[in-house]
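Me: I have a structure open and would like to learn how to read it. Could you take me through its features?

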Amino acid sequence: MKKSTILGGAVALTLGLAASGATAQDKCGMGNGKKASGDPIQIGAIVGKTGPEDFSSSARAAQAYFNCVNANGGINGRPIQYTVQDDTWNPEVASQAANKLVKDTKVVAMAGSSSFVECGANNDLYVKEGVASVSGVGVPRACFYGKNYISFNSGPRQSTLGAAQYITETFKLKSLTCVAPGIPGFGDWVCGGVESYGKANNIPVKTVIFDPGQLDGNAIALQVAAAKSEGVVLGMPRGMMLPILTAAEQQDLGKSAKWGLPTSAYHADMPKAVGKYWHDKLYVHMELQPMDGTGPDNTNWKAVMDKFGDKKDPRDTFSQAGFLAAKVTTEALLGIKGNVDRKSAYQAIVGTTKWKTDMMCAPWYFGPGERHQPNHAGRAALLQKGGFKTLTECYQSKDSELEDVLKLEAKGGLVN
Amino acid sequence: METLLPFIVVGISVGAVYALSGVGLVVLYRASGVVNFAFGALGGLAAMVCWQVIDLEYDDWMGWVAGVGVATLLSWVYGRFIAPSLTHQDRVVRAMATLGFALMIMGIAQWYWGDDPRRLVLPTDSDGIEFDGRRLISHTRVVALLFAAGATVGMLWLLAKTPLGLRMRALQSNRVLAGLVGVRVKRTDTWAWTLAGLLAGISGLFMGNMVRLNPTVLTFLVIPAMAAAMVGRMNSLTATVVGGLVIGVIESLLNLVPEVQRYGSATAFVVAISVVLWQQRHGIGLSRDNSHLE
């Protein structure tokens with residue numbers, strides 16, 4: 001065989017492999033590479049974009065996934081029209097946005113929402129109108145106590161407890177302090193998980209609930225110092241953590257206690273933002289797979305974000321959750337035989353059980369429950385210079401509030 | 001008292017920045033009669049620009065100069081080109097115009113920098129004042145307090161002893177008569193806006209360091225600053241400084257009372273309303289309203 005033929009064959013093979021690899025990585029929906037052009041299917045989301053913190057990462061990932069779906073045949077030829085509304089962290093605005101999406105836009109389902117206020121404001125509406133909402137990120141308690149509302153994350157209560165569990169059991173801690181913002185349905189509920197864990201294990205827990213509008217982290221750090229606990233967990237969005245960590249650093253509290261953070265701290269920029277004082281001192285709970293995970297769905301998430309998302313879209317746990325919400329919704333819609341409308345979409349989404357993904361510790365399900373919390377296990381990671389080091393395999397949250405969920409799962413048919 | 005002392009010290013340090021911001025608001029109000037709602041947004045922009053320059057690995061001092069410089073420049077632009085066209089509008093309209101300016105700055109900054117976690121580190125962070133065997137506050141907070149005191153003394157001196165201060169006081173008394181006797185109204189106003197921008201930039205750097213490096217959060221720094229200025233009746237710099245410190249200390253002390261701790265950010269409103277009511281009862285009004293003479 002001539003040398004040039006061998007070389008040509010090798011080049012062709014390499015290009016072919018590269019092409020097939022790329023296709024496999026950003027595969028979405030029907031994956032046929034044809035642009036969808038039929039009558040659009042309406043899907044909506046509500047996020048808390050403007051307000052104390054930007055909570056739109058989840059819907060931005062869902063948007064990227066739906067863009068990918070539309071470029072790959074849509075839902076049997078019909079494109080998804082994805083409408084995202086900003087609730088500005090205001091329940092009244094969230095209610096107006098949901099009414100607009102449900103009654104005017106006539107969405108068949110909601111997917112990728114992420115908000116501090118919309119669950120409490122809209123759970124009843126979704127039930128009344130027969131709309132299933134597969135949110136990316138549920139934040140307050142109401143997001144885990146709605147019949148038609150489900151999330152892919154395990155929520156701040158489970159994640160804060162996950163961090164508390166890890167530091168307590170690894171370092172044999174004898175006391176804990178839980179710090180959370182006094183947002184209705186959030187702060188007390190989040191630290192309540194740590195308190196119940198402490199009670200069950202005979203570990204005293206001091207809870208500090210602060211005003212989220214408070215500008216200075218120093219006064220909070222002073223209370224943490226006064227508690228003299230061996231472990232501290234901060235149950236809050238990452239933006240609120242930074243001034244507290246800065247103040248704690250100035251008071252050198254990183255040496256006197258072990259610090260645990262929920263998944264909101266699992267963000268690529270966090271190691272740089274907290275500074276070198278905190279490197280190798282912060283233990284972070286991860287609700288989904290590590291960002292550098294090499295499983296097929298995680299690889300697909302990164303590829304879809306790179307190709308169909310914006311460069312500025314965050315690559316964090318909430319983005320992973322939004323991607324999964326869009327993926328499960330798409331697959332449910334693709335499974336509908338006949339017309340895709342709200343009723344058929346609801347049945348398809350609620351009927352999803354034993355849905356496996358490498359991004360979660362256990363299969364995801366919707367099912368008939370009165371409330372939903374399919375994600376209640378995660379991993380622990382250590383914040384280091386330049387990134388995070390995964391420390392554990394999946395472990396279950398030991399929250400007494402999960403009793404009903406575990407009982408339902410034990411009946412079978414949802415997870416296995 | 002041992003329990004209270006750390007909270008008082010911490011409260012004074014953050015109150016110092018409220019005071020510094022309040023001084024900026026009062027100086028502008030005295031000269032031009034405008035309540036500047038854009039003060040916090042300018043400070044937020046200064047902090048973000050400073051962070052950006054340092055993040056690009058330029059020297060720290062370049063970041064500080066760039067941050068404060070941008071806030072000062074924008075305030076000058078507003079004072080030189082936008083504010084004059086609103087001179088004959090109602091006082092409320094002029095205040096609302098600054099609110100629009102604030103929302104514009106905040107929106108652009110939020111769009112450009114987003115909500116990624118960031119931190120503005122100052123060299124004075126690395127050391128601090130010790131209490132009971134551990135560090136209580138960083139030197140940055142001490143520097144902020146010194147800046148607040150320095151700005152107050154500097155502004156008092158400027159108003160009392162310099163030709164510019166004289167012109168500002170003339171405008172405060174009667175803008176029309178001041179103009180008739182030769183005071184260059186537009187130029188004096190522009191100076192007041194420039195000084196306000198400078199103080200906004202400096203306050204923004206401190207707040208970006210002490211609080212959160214987020215344009216939206218820093219924009220709302222104007223609320224406690226406004227409350228401090230209300231304590232000073234938008235007129236007295238000394239009372240404004242005292243107001244800022246009192247708000248900071250009360251906010252901090254509320255952390256010791258779990259029942260009200262989660263409502264600490266209402267302190268600024270409560271203090272401002274209480275002081276205004278008390279002043280009304282005792283016949284003390286706001287700085288003389290000369291808008292009818294404009």
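Reply: Happy to. Let's begin with burial: a residue counts as buried if 20 or more other C-beta atoms lie within 10 Å of its own. Keep in mind that this is a predicted model. By that cut-off, buried residues make up 59% of the 416 residues in chain A.

Me: What share of the 294 residues of chain B counts as buried?

Reply: For chain B the figure is 53% of its 294 residues.

Me: How do I judge the overall form of each chain?

Reply: A compact globule of 416 residues would have a radius of gyration near 22 Å, and chain A agrees because its own value is 22 Å. The C-alpha trace of chain A spans about 70 × 65 × 40 Å along its principal axes. For chain B, with 294 residues, the rule gives a value near 19 Å, and the chain has 19 Å, in agreement. Its C-alpha atoms fill a box of roughly 60 × 50 × 35 Å along the principal axes.

Me: How many helices and strands are there in chain A, and how many in chain B?

Reply: Chain A has 13 helices and 15 strands. In chain B you will find 13 helices and 2 strands.

Me: And what do contacts tell me about sequence separation?

Reply: Take the pairs at least 6 apart in sequence, then ask what part of them is at least 24 apart. In chain A that part is 72%; in chain B it is 76%.

Me: Is strand β2 (residues 80-86) of chain A mostly covered or mostly open?

Reply: Mostly covered: 5 of the 7 residues of β2(A) are buried.

Me: How should I read the place where the chains meet?

Reply: Count the residues on each side, then see which elements supply them. Here 28 residues of chain A are in contact with 30 residues of chain B. On the chain A side, the elements giving two or more residues are β9 (205-210), α7 (218-227), α8 (238-250) and α9 (270-274). The largest share, 6 residues, comes from α8(A). By type, the chain A side divides into 9 nonpolar, 11 polar and 8 charged residues.

Notes: Residues are numbered from 1 along each chain as its sequence is written. Chains are lettered from A and ligands numbered from 1 in the order in which they are written. This is a predicted model: local features need pLDDT of at least 70, side-chain atom pairs count only at pLDDT 80 or more; totals for chains, interfaces and linings use all residues. A residue is buried if 20 or more other C-beta atoms lie within 10 Å of its own, exposed if 12 or fewer, and partly exposed in between; C-beta atoms are placed from the backbone. Helices (H or I, at least four residues) and strands (E, at least two) are DSSP runs, numbered from the N terminus. Two residues are in contact if their C-beta atoms, placed from the backbone, lie within 7 Å. Ala, Val, Leu, Ile, Met, Phe, Trp, Tyr, Cys and Pro count as nonpolar, Asp, Glu, Lys and Arg as charged, and the others, Gly among them, as polar. The radius of gyration is taken over C-alpha atoms; the globule rule is 2.2 Å times the number of residues to the power 0.38.
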